[in-house]
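Dear colleague,

I am passing on a structure for you to look through, and below it you will find my notes on what came out of it. Please keep the sequence and the model open beside the text as you read.

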Amino acid sequence: MSTGRIAFLDVDGTILDHGRTVAASTVDAVRAARAAGHLVYLCTGRSAGDIHPDVAAIGFDGAITNGGSYATSGDDVVVARPMPRGAVDRLQTWFTEAGVPYFLQTNHGVYASAHVREMIAAFVSRWQGAHSGDEPQTSPQRPPRFGDLAEVDLGTIAKAVFVSDDPATVDRATAALGDRFHVVAGSMPLPGGTNGEIGMLGVTKGSAIETVLEHLGLRRDDAIGVGDSWNDVEMFQACGTGIAMGNAPNELKALADDVTTSVSADGVANAFRRHGLI
């Protein structure tokens, strides 16, 4: 059992800025908090196999990935909740019939059709081009290292992600799938459209945090969660203190207990200082 506190950190928009920049203050803050006896965990929608290597190199005590489908604590796997095969079949049928491009995540990788791989690569290239004047402090983020969708084991799927040029797609997905699935808007800034994440109902960052806290013998009040996206709502609820990044949507900030500065303005470090981890 830890005698310190525990922090859960989202990745994109919290640790990573524009998918490629990690502030030196974030690295220092995480390492200082751990040196002081606190625990720091990643808490991300990404697959464990798609964590930026410079993020992993910071050093963490564990990780919640795939939006809560999987969690590790040190060398222990404490959450492993892949989708039932029938649920995956239903998702793929809906995506196909609705004409919505998608990719699937397992604990170890990301899988998509050739068409979707090309589309995501082009999108990332345009997105990074829009931020070409930034000064990256780490290596550029590449498109996810996609495997071939035709080769994925459909019994190991943790989560689905969709992209669309129709801003109403999140609402359409919720109406069609919300009886069994948890549908949230994604965080990629897709001009003129939208993206979203779909997991099983009840499988969230928050549900995984509750399991991790129980595993460690820690209380909700021992935990802080820092994030900027809609898949962080349940993280805020599961932690004693939920902290929104300065770059989060105003509607999400309203659901948090506190708001720190943005990802490009030492947001993680300032949150850790304000709440006594460093």
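**The cavity and its surroundings**

By class, the lining of the largest cavity has three nonpolar, seven polar and four charged residues, where Ala, Val, Leu, Ile, Met, Phe, Trp, Tyr, Cys and Pro count as nonpolar, Asp, Glu, Lys and Arg as charged, and the others, Gly among them, as polar.

Before going further, please note that this is a predicted model, in which local features need pLDDT of at least 70 and side-chain atom pairs count only at pLDDT 80 or more, while totals for chains, interfaces and linings use all residues. Residues are numbered from 1 along each chain as its sequence is written, and side-chain values use heavy atoms, with hydrogens and water left out.

A cavity here is a set of points, on a 1 Å grid over the protein atoms alone, where a 1.4 Å probe fits but cannot get out, and its lining residues have an atom within 4 Å of a point. Grid points are joined across faces, edges and corners, and a volume is the space filled by probe spheres set on the points. By this rule there is one cavity of 30 Å³ or more, and the largest cavity holds about 120 Å³ of space. Of the 14 residues that line the largest cavity, Gly67, His182, Glu197, Gly199 and Val203 are the closest to its centre. Two or more lining residues come from each of strand 12 (181–185) and strand 13 (194–200), and strand 13 gives the most, with three residues; strands (E, at least two residues) and helices (H or I, at least four) are DSSP runs, numbered from the N terminus.

The side chain of Asn231 makes another polar contact, of 3.3 Å, with the side chain of Lys205. Asn231 is found in the loop between strand 14 (223–227) and helix 7 (233–238), and at 9% relative accessibility Asn231 counts as buried, a word that means under 20% relative accessible area (1.4 Å probe, protein chains only).

For the protein as a whole, there are nine helices and 16 strands, and buried residues make up 56% of the 278 residues.

Best wishes

Terms used: On a 1 Å grid over the protein atoms alone, a cavity is a set of points where a 1.4 Å probe fits but cannot get out, and a pocket is an open set with protein on both sides within 12 Å along at least five of seven lines; lining residues have an atom within 4 Å of a point. Buried means under 20% relative accessible area, exposed over 50%, partly exposed in between (1.4 Å probe, protein chains only). A polar contact is a pair of N or O atoms within 3.5 Å; within protein, one must be able to donate a hydrogen and the other to accept it, and residues adjacent in sequence count only if both atoms are side-chain atoms.
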